[in-house]
Amino acid sequence: QLTESDIMIPIESFEEPWVLFRGKDGRAGCVRDECAHRACPLSLGTVVDGRIQCPYHGWEYNTGGKCEKMPSTRPLKTGIRALPCIEQDGMVWIWPGDETPAATLPSLLPPENYTIHAEIVLELPVEHGLLMENLLDLAHAPFTHTSTFAKGWSVPNMVKFKTPMQALSGNWDPYPIDMAFQPPCMVLSTIGLVKPGKLDGSSTASCSKHLHQLHVCMPSSRGKTRLMYRWLWTLPNGRSMPYIDRVWTHLANQVLNEDLRLVEGQQDRMKRGANVWQTPVG
Ligand code: FES
Ligand SMILES: [Fe+2]
């Protein structure tokens with residue numbers, strides 16, 4: 001989303017307001033979305049020459065948070081907090097912690113030959129834990145996704161998640177889907193385009209066509225998640241067709257909406273004291 005030099009993206013992370021923009025050198029930066037002068041949100045302003053300009057009295061900050069311009073007054077040495085910020089695989093990572101961030105980041109690139117069909121960013125009214133549990137749980141598919149990808153799926157007697165390699169990833173049986181949870185808040189899944197049960201419980205590696213999904217669930221504030229969703233196919237993406245991106249985005253939204261009303265409902269019941277883990281199965 002951070003495509004042009006004058007674009008800024010306000011985000012919330014763990015209830016704190018931040019804003020992303022590109023500096024003069026084109027690199028992404030993340031500063032607190034709050035002016036050092038009178039606490040006006042900087043994201044209401046503009047980006048001028050790689051500096052974010054406050055819309056109230058025009059103070060300007062670089063990506064390091066240093067105030068470099070202070071019109072109409074004798075300049076003071078001041079600034080706002082800036083977070084370590086790295087751009088990789090089309091994602092901007094920020095580090096809101098106090099410790100030094102990890103030197104390397106996990107790659108979120110899909111295997112070769114995939115083309116991106118849709119990238120969606122949504123602010124969702126559910127907390128990230130519930131949302132990730134929903135994404136990692138496939139037993140719900142034939143009941144919840146009856147208008148989209150699980151249309152016509154029969155309900156199996158037993159649904160298994162096999163973890164042959166490591167505990168955080170594995171493949172579903174009978175569903176043709178491999179899944180991995182990547183801490184702290186990402187779910188990667190690869191869907192083989194065959195009917196459920198056709199793979200005899202093995203991974204989707206033997207399928208000739210796949211759909212690949214990446215869900216990044218960033219905790220923004222209490223009961224809210226910023227979801228970044230990337231959808232990729234091994235099929236040609238048909239980008240020459242007008243509005244094809246919108247078609248994919250619409251489909252992705254449809255799937256998500258089938259889940260959302262349920263998870264929002266769970267969250268409501270949790271607020272009223274319900275224990276969502278009262279009857280674990282395995
Ligand atoms: S509040 Fe930002 S410049 Fe005054
Ligand atoms: Fe779902």
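A: The C-alpha centres of domain 1 and domain 2 lie 34 Å apart. Domain 1 covers 8-94 and domain 2 covers 115-271, with bounds that come from an automatic or database domain assignment. Eleven residues from domain 1 and eleven residues from domain 2 take part in the contact, where contact means heavy atoms within 4.5 Å. Between them the two domains bury about 860 Å², 57% of it on carbon and sulfur atoms; buried area is the accessible area (1.4 Å probe) that two parts lose on being put together, summed over both. On the domain 1 side, Glu-12, Glu-15 and Met-91 lose the most area to domain 2, together 53% of what that side buries.

A word on conventions: this is a predicted model, in which local features need pLDDT of at least 70 and side-chain atom pairs count only at pLDDT 80 or more, while totals for chains, interfaces and linings use all residues. Residues are numbered from 1 along each chain as its sequence is written, chains are lettered from A and ligands numbered from 1 in the order in which they are written, and side-chain values use heavy atoms, with hydrogens and water left out.

Now to the metal. The iron ion (ligand 2) is coordinated at 2.0 to 2.4 Å by His-140 (NE2), His-145 (NE2), Asp-259 (OD) and Asp-259 (OD). Donors here are N, O and S atoms within 2.8 Å of the metal (3.2 Å for Na, K and Ca), and with water not among the atoms, sites may look incomplete. The angles that the four donor atoms subtend run from 58 to 145 degrees, which makes the arrangement irregular. For four donors, tetrahedral would need all angles between 85 and 135 degrees; four count as square planar and six as octahedral if opposite donors are over 155 degrees apart and all others between 65 and 115, and anything else is irregular.

Along the chain, the donors follow the spacing H-x4-H-x113-D. His-145, in the loop between helix 2 (141-144) and strand 12 (160-162), is 114 residues from Asp-259 in helix 3 (residues 244-271), a pair that links distant parts of the chain. Helices (H or I, at least four residues) and strands (E, at least two) are DSSP runs, numbered from the N terminus. His-140 is found in the loop between helix 1 (128-136) and helix 2. Not counting residues up to four places away in sequence, His-140 touches Asn-134, His-145 and Asp-259.

What about exposure? His-145 is buried, with a relative accessible area of 1%; Asp-259 is buried at 7%, and His-140 is buried at 15%. Buried means under 20% relative accessible area, exposed over 50%, partly exposed in between (1.4 Å probe, protein chains only).
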